[in-house]
Amino acid sequence: MSSEKTRLQLIAAAKRVFIREGYENTTMSDIANESGNGRRTLYMYFDSKVEIYQAVINLELQKIIDALNEISAKDIPPQQKIVEVIYGRMTILKEAVYRNGTLRSGFFRDIWSVQHFRKDFDSKEKKILMNIILEGKTCGVFNVQHVNLMATYIQYCLKGFEVPFIRGQVRLGHSGDEVREEIQKMIYGALGYNEKPE
């Protein structure tokens with residue numbers, strides 16, 4: 001078995017144990033047993049439970065980035081693309097959190113710890129946002145002076161919406177279409193959207 005395949009097998013085993021037992025109750029021995037490998041093999045790839053937990057989180061976050069890259073590669077106008085990326089991001093993140101069982105409670109309880117793990121994700125996400133904003137600016141549909149700064153502001157807003165969106169507090173009796181429409185209005189306002197570029 002290749003070293004990358006073994007590493008991925010260990011991450012998958014760790015994820016199953018974290019989901020079943022929770023992060024706090026999981027030991028490196030539990031992960032080694034779940035994977036069918038010995039502790040020695042596990043420690044060849046990961047120095048600690050924190051490190052393998054980070055690998056689990058990073059794998060989940062990379063799935064989100066891959067989905068966002070797929071959306072941003074669509075041949076659609078930038079004003080449609082930015083809304084699809086933002087709404088898609090929130091929906092995909094919510095699905096990832098709920099798919100991961102007891103990791104969900106850890107996400108809500110210790111959001112700042114997860115934030116610590118997501119520096120690479122944040123960097124990739126910001127690049128996606130910047131590319132779409134620049135595309136819209138170049139087309140004349142977005143009136144933005146500082147693309148980098150605007151991408152940073154949007155990203156911080158999205159982070160603030162994460163927990164309420166995942167918990168369903170953002171909807172408050174409204175349909176998904178209504179929420180999407182209001183997100184679109186907010187984003188278009190921030191980007192100085194011009195429906196009829198000159």
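**Figure 1. Glycine 189 is exposed, at 56% relative accessibility.** Here buried means under 20% relative accessible area, exposed means over 50% and partly exposed lies in between, with a 1.4 Å probe and protein chains only. Glycine 189 belongs to helix 10. Helices are DSSP runs of H or I with at least four residues, strands are runs of E with at least two, and both are numbered from the N terminus. Between the C-alpha atoms of glycine 189 and phenylalanine 142, which are 47 residues apart along the chain, the separation is 9.5 Å. The model is predicted, so local features need pLDDT of at least 70 and side-chain atom pairs count only at pLDDT 80 or more, whereas totals for chains, interfaces and linings use all residues. Residues are numbered from 1 along each chain as its sequence is written, and side-chain values use heavy atoms, with hydrogens and water left out.

**Figure 2. The protein chain contains 10 helices and 0 strands.** Read from the N terminus, its elements follow the order α-α-α-α-α-α-α-α-α-α. The C-alpha atoms occupy a box of roughly 65 × 40 × 25 Å along the principal axes. The chain has 198 residues, of which 41% count as buried. Its mean pLDDT is 87, with 90% of the residues at 70 or more; pLDDT is the predictor's confidence in each residue, on a scale from 0 to 100. Confidence is highest in helix 2 (residues 28-35), with a mean of 95, and lowest in helix 6 (residues 103-109), with a mean of 55. Where pLDDT is low, the predicted coordinates should not be read in detail.

**Figure 3. Phe18, Tyr23 and Tyr53 make up one aromatic cluster.** Rings of Phe, Tyr and Trp (its six-membered ring) are paired if their centres lie within 6.5 Å; planes under 30 degrees apart are called stacked, those over 60 edge-to-face and the rest tilted. This rule gives 5 aromatic pairs. In one of them, phenylalanine 18 and tyrosine 23, the ring centres are 5.6 Å apart and the planes meet at 40 degrees, so the pair is tilted. Phenylalanine 18 is buried, at 0% relative accessibility, whereas tyrosine 23 is partly exposed, at 21%. Tyrosine 23 also pairs with tyrosine 53, again in a tilted arrangement, with 4.6 Å from centre to centre and 55 degrees between the planes. Tyrosine 23 is in the loop between helix 1 (3-21) and helix 2, and tyrosine 53 is in helix 4 (residues 49-72), so this pair ties together parts that are 30 residues apart in sequence. Tyrosine 53 is buried, because its relative accessibility is 8%.

**Figure 4. The largest pocket has a volume of about 290 Å³.** On a 1 Å grid over the protein atoms alone, a pocket is an open set of points where a 1.4 Å probe fits, with protein on both sides within 12 Å along at least five of seven lines; its lining residues have an atom within 4 Å of a point. Grid points are joined across faces, edges and corners, and the volume is the space filled by probe spheres set on the points. The lining comprises 19 residues, and Phe161, Val179, Glu182, Ile183 and Met186 lie nearest the pocket centre. At least two lining residues come from each of helix 5 (78-99), helix 9 (147-166) and helix 10 (176-190). By class, 15 lining residues are nonpolar, 1 is polar and 3 are charged. Nonpolar covers Ala, Val, Leu, Ile, Met, Phe, Trp, Tyr, Cys and Pro, charged covers Asp, Glu, Lys and Arg, and polar covers the others, Gly among them.

**Figure 5. Leucine 191 is located in the segment after helix 10.** Leucine 191 is buried, at 0% relative accessibility.

**Figure 6. Valine 85 is part of helix 5.** With a relative accessible area of 3%, valine 85 is buried. The C-alpha atom of valine 85 is separated by 5.9 Å from that of leucine 68, the two residues being 17 residues apart along the chain.

**Figure 7. Arginine 167 is found in the loop between helix 9 and helix 10.** Arginine 167 is partly exposed, at 45% relative accessible area. Its C-alpha atom and that of tyrosine 98 are separated by 9.9 Å, although the residues are 69 residues apart along the chain.
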